[in-house]
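Work through the exercises below with the model open. Each task is followed by a stepwise solution.

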Amino acid sequence: MNTDTQGKREEALSFLTDHNTGVLATVSREGAARARLVYYACDDAFQVYFMTFANTRKAADLAAHPHAAFVITETEVPRTLQVEGQVTDLSDQAGVDPVLSDLVHTLQSNTKFGAPLARFDPSALRFYRITPDWVRWGDFTLGRGTDNVLTQINPTEN
């Protein structure tokens, strides 16, 4: 596996910021694995911000086990970014956090259908942040073998 280089970090961060949906994986109180697509926003430290309703399985899973995995991928150009880390409930700070404001803007930008969350009562929304302790960038356009394709990224290093 490649070691983290500034160029790979910038590629991975650009990939993260260029997308707005990814798959969130959590574990239920009973130990069942669950995955679902969520809209997200991010910052330069690879922190991923997302929202859900307080009465969802996502919220219950995160209350029981505040650690999650998150994956962004595309099929046209085979690349993927994997993030794992601690999840923090930011619901009390949602109105003042600029990244969460960007997320709300993203969710409101689909003028044809609107965001799925926009169809529900906003008073029950929960806002979360994944602070990564592990990030891996996979660029499968680079050849064969893990040494060419996969790069471990240090999320705290700028």
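**Exercise 1. In this predicted model, determine how covered S4 is, and which way its side chains point.**

Solution.
- Step 1. Check burial: six of the six residues of S4 are buried, so the strand is mostly covered under the 20% cut-off.
- Step 2. Sort by direction. Val48, Phe50 and Thr52 point one way. Tyr49, Met51 and Phe53 point the other way.

**Exercise 2. Find the strands that pair with S4, and the sense of each pairing.**

Solution.
- Step 1. Take S3 (41-42). S3 and S4 are antiparallel, with two bridges. Cysteine 42 has valine 48 in S4 as its bridge partner.
- Step 2. Take S7 (125-139). S4 and S7 are also antiparallel, over six bridges. Here tyrosine 49 stands opposite arginine 129.

**Exercise 3. Locate phenylalanine 46 and describe its backbone and burial.**

Solution.
- Step 1. Phenylalanine 46 sits in the loop between S3 and S4. That hairpin has five residues between the strands.
- Step 2. Phi of phenylalanine 46 is near 65°, a positive value. Most residues other than glycine have a negative phi.
- Step 3. Phenylalanine 46 counts as buried because its relative accessibility is 0%.

**Exercise 4. Identify the largest nonpolar core and its suppliers.**

Solution.
- Step 1. The largest nonpolar core has 24 residues. Those with the most contacts inside it are Leu16, Phe46, Phe50, Phe70, Leu81 and Ile130.
- Step 2. H1, S4, H2, S5, S6 and S7 each supply at least two core residues.
- Step 3. Inspect phenylalanine 70. Beyond its neighbours within four places in sequence, its contacts include Val48, Leu81 and Ile130.

Definitions and conventions
Residues numbered from 1 in each chain as written. Predicted model: local features only at pLDDT ≥ 70, side-chain atom pairs only at ≥ 80, totals over all residues. Heavy atoms only, no water. Core = buried A, V, L, I, M, F, W, Y, C linked by side-chain atoms within 4.5 Å. Buried < 20%, exposed > 50% of the residue type's maximum accessible area, 1.4 Å probe, protein only. Helix = DSSP H or I, 4+ residues; strand = E, 2+ residues; numbered from the N terminus. Contact = heavy atoms within 4.5 Å. Pairing = 2+ DSSP bridges.
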